[in-house]
Amino acid sequence: MKKGQVSLELAGKQISFETGELAMQAHGAVLGQLGDTVVLATAMMGKVKEGMDYFPLLVDYEERLYASGKIKGSRFIKREGRATDEAILSGRLIDRSIRPLFPEGMRNEVQVIATILSVDEVNDPDIVAINAVSAALTASVIPFQGPIAAVRVGRVNGEFIANPSYEERKTGDLDLVVSGTEKNIMMVEAGAKQVAEEDMIQALKFAQPHLKQLIGLQNDLAKQIGVPKVEVTRILPDEAVLAEVMNYRDELEKAMFGKFPKEEREAGMKQVAEKIALEVSEKLKDRTDIVVAIHIGLALEKLTKKIIRANILEKERRVDERPLTETRPVSAKVGVLPRTHGSGLFNRGETQVLTTVTLGSSGDAQILDGMEDFTADGTVKRYIHHYNFPGFSVGEVAPVRGPGRREVGHGALAERALEPVLPVDKESFPYTMRLVSEVLSSNGSTSMASTCGSCLALMDAGVPITAMIGGVAMGLVLDSESGKFKVLTDIQGIEDGNGDMDFKVTGSEKGITALQMDVKTLGLTVEILEQALKQAKDGRMHILSVMKQTITQPRPELSPFAPRIISFMINPEKIRDVIGTGGKIINKIIAETGVKIDIEDSGLVMVASKDAEQSKKAIDWIKNLTREFKVGEIFTGKVSRIMDFGAFVELVAGSSAEGLVHISELAWHRVGRVEDVVKIGDPLEVKIVEIDQMGRLNLSHKILLPRPEGGTIDDRPRDRGGRHDNGGPSPRSRDGGAGRRGGGPRFSRHT
């Protein structure tokens, strides 16, 4: 492989691609670098496996913890395991960007791997990976119709930024990833804080000049290498078979179009397909140069797509006879499950999703152990959305296994859609939220139904979200020759599979919170997306209006089955007073009250319990342990130690907060021995009469007693007999604290 190296300054940052030094046996290998973030992208092409009826593209995004100087947190497993959700989502960005750019009918195995070698904690490796993968494919023998480029767009203080840093993304209101060619957009992924449609269009336009620069850079690298593309065998329907199948167009169209359920439509189409297969096979039984059955299947796919697309472009007619801008019938329910903390059922046509909410304490938050978890905030996740897609939802028998890439991707989209409206102040809402969306029936757009169901469930649970969020999936049919196109609102499964775009848009009445788009065409422009966003807004408003008929605002109270969490602040320097040596004090509080307690470094304390009385007991206990004492306060404490010069009294049970009652302050009369008045363990009512310069508490018992008239008064000086000042134990001594647990609360104890 020849050596090549190119670089340019993009938005003030140097980005480079290099080949010919690493991974020499790969068909394509490019080292991409942005700042000190480095990604190795490799591309390989294999043979055609027998019976392969789809394009087998494998995309792997391999995180390496050494890239960010980390060792896996598990005590027993130090090797990287299964891909993290973040890695899966980054891999999907690459897949959706490059998949449409391989020749139609190609069946060779292709694998691209993006291995993250170095992360500088400023530049996200996912953008480097997409560009490096495209460069590796472009500079290889693999027939890739690229290159494509990718850029991230952020917005801080109203200004767009190309490839913003992690910090800029956190402070901004937009995180948009765009990939495409010089003229056309291939993939969009975005999270936003209720950004207006017009601003999103401007962000897409802002990205295009940067895409053009990166594509030029990749072309320069390919010219340096000069590797010719190889020809591959493409499996397309035989012309004679296709001609025969096309004769059944009217019959198939009749079975396909009409206002009937998906199951009925599929049964009618299957019946026609079986008839076509039988009759065409009989006509072409003398053809021995091809496998007729395979080519009939390919021809049927082509005919199905042609019928759907022609009807939409020429007649604006959809298979279920809806207008292009109309959503399917929408309905919503809340509180459908009696014991969950919140639940929402959302129906759109034959797509049905049930979402539940479970509320937990801060200690229930997910601790992340990934390559890009750089900060304390980044290691803990207290809003979690999981998405399940069982086989019965599409009328199929399928094994129930762990979540795949699709489940992770759809769950992450619904999660991202609602994040901007969730309560962020942990002191006022200290809960961990886990949402689970169960797809019960699917006919397209289940991720958007999950978004709507999640919003309903959160409101039913009493989570104080700031706005209602809905979502809709948009489709597209485009004639690349004439440029004529039609945008479809709320696409169902058959329109998704035979159309040119799947564009999911979520948001509130105010603006967009998330986008996800991938295409099957090379002709998508910003102008098309602009119409799609406007049409999506109308669809979203309709869906939100239906949801509002069910519930208009979050319930004022949490479910009676949800834990009650009270949060309050204490002096961070007093955290160790609550925890105690080896957790002795906090464990005692938990054992006696049955609550959960989470304490963070900031001094935020969260007490969770379903028992209000026990919760109050624990809270009072903690507040007493950490209180700032003042002269004049009165306590009924317990005598903890006795010295010749007085008695030490524990003011708050279980704490190290002690004060001294000098022997002269035990009674108005002269006391010969301390034991004559109190013994260890005795309760004693005392008043704080002084806090000295060392913070020590001087107490008095006699001041709370009636002063005798004419009797003997003990007026000895109130000192500590020289004992404490010369090395005796300090009444303000404190036990040591406990260590941190991962990236979560500084201390967390549950029952």
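## Strand pairing around β28

In this predicted model, strand β25 (residues 634-643) pairs with strand β28 (residues 683-691) in the antiparallel sense, and five bridges link the two. Within this pairing, the residue opposite Lys 638 is Pro 683 of β28.

Strand β28 is also joined to strand β29 (residues 697-700) by four bridges, and these two strands run antiparallel. Here Glu 690 has Asn 698 of β29 as its bridge partner. In a regular strand, the side chains alternate between the two faces of the sheet.

## The β28-β29 hairpin

Strands β28 and β29 form a hairpin, with five residues lying between them. The turn contains Gly 695, whose phi is positive, at about 85°.

## The two sides of helix α6

Helix α6 spans residues 249-256, and its buried residues are Leu 252, Glu 253, Ala 255 and Met 256. Viewed down the axis of α6, these buried residues fall within an arc of 160°, so they line one face of the helix. Asp 250 and Lys 254, on the other side of α6, are exposed.

An α-helix has 3.6 residues a turn, so residues three or four places apart point the same way.

Just after α6 comes Gly 258, which takes a positive phi of about 150°.

Methods:
Residues are numbered from 1 along each chain as its sequence is written. This is a predicted model: local features need pLDDT of at least 70, side-chain atom pairs count only at pLDDT 80 or more; totals for chains, interfaces and linings use all residues. Side-chain values use heavy atoms; hydrogens and water are left out. Buried means under 20% relative accessible area, exposed over 50%, partly exposed in between (1.4 Å probe, protein chains only). The arc is that of the directions from the helix axis to the C-beta atoms. Two strands pair if DSSP finds at least two bridges between them.
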